[in-house]
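Me: I would like to learn how to read a helix in a model. Could you take me through one?

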Amino acid sequence: MDLGIKGKWALVGGASKGLGFGCAQALAQEGVNVVMVARGAEVLNKAVEDLRVETGGKVQLIAVAEDITTEAGREAIWNVAGGPGKDYDIVVTNAGGPPPGDFRDWDRDAWIKAVDANMLTPIELIKATADGMAERGFGRIVNITSSAVKAPIDILGLSNGARSGLTGFVAGTSRSIQLAGRNVTINNLLPGAFDTDRLRSNQKTIATKAGKSVEEVSEARRKTIPAQRFGTAQEFGETCAFLCSQQASYITGQNVLIDGGAYPGAF
């Protein structure tokens, strides 16, 4: 299927590895030019080079090693040489989740940092790009959040709170006639257990707390998933690419859960 987005420009956060890289990869394979953002220059540059080889140089891939949660980092993205300024057609927001732990140990600074990265930064990116998308008659914004928005996890309280705030904001903003009525969609992708560094880090925390091996914790988690496996970054990216497609123009304001059937609810 031709997704109808060849030649467009995308901004993808956390794009050096994991789910962010999966999204950048899937979009580039569809012919989208991608500005890939992450804090670690070495890993990011390697990711861009690998993707450049994979796509045969048929799309523009630009690495921006900045912290997108800062104002200076966002300014660097808007002003990157060869980029589209703020005229992105596709924006995929993605920030590393806050650390797991016990809510009793989190002070105000920990909460502010979590909210800044996982709620306020996506909102700033939406503010900077959505009106331009509306003027051009096409826009796709996808926020990578977490399945914990629907089924909160006790050790991920910082993430549960911050991402739920973003979910509420998107629920209202995405239904604005000024955006939805001009072919600008905003959706959230809620990953369950994917084989990423984040998952392995959380499993290590759980294993230490429970006095078990990481392997034991990993196997126990896998068995709770009806699909009996962890997800892959590639399939996550392909779902993201579809939400960014011309065909997905009637999907907006949705929380798309991609978790192998782990969430037990009907709604």
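This is a predicted model: local features need pLDDT of at least 70, side-chain atom pairs count only at pLDDT 80 or more; totals for chains, interfaces and linings use all residues.

Reply: Gladly! Residues are numbered from 1 along each chain as its sequence is written, and side-chain values use heavy atoms, with hydrogens and water left out.

Me: Which are the buried residues of α7?

Reply: Leu199, Asn202, Gln203 and Ala207. They lie on the same side of α7 because their arc around the axis is only 140°, taken from the directions from the helix axis to the C-beta atoms.

Me: What covers the buried residues of α7?

Reply: The cover includes α8 (214-223), where contact means heavy atoms within 4.5 Å.

Me: How is a helix defined, and what should α7 span?

Reply: Helices (H or I, at least four residues) and strands (E, at least two) are DSSP runs, numbered from the N terminus. The expected span is 1.5 Å times one less than the number of residues. For the 14 residues of α7 (residues 197-210) that gives 20 Å, and the end C-alpha atoms are 20 Å apart, which agrees.

Me: What comes just after α7?

Reply: Gly211, with a positive phi of about 70°.

Me: How many helices and strands are there in the chain?

Reply: The chain has nine helices and seven strands.

Conventions. Buried means under 20% relative accessible area, exposed over 50%, partly exposed in between (1.4 Å probe, protein chains only).
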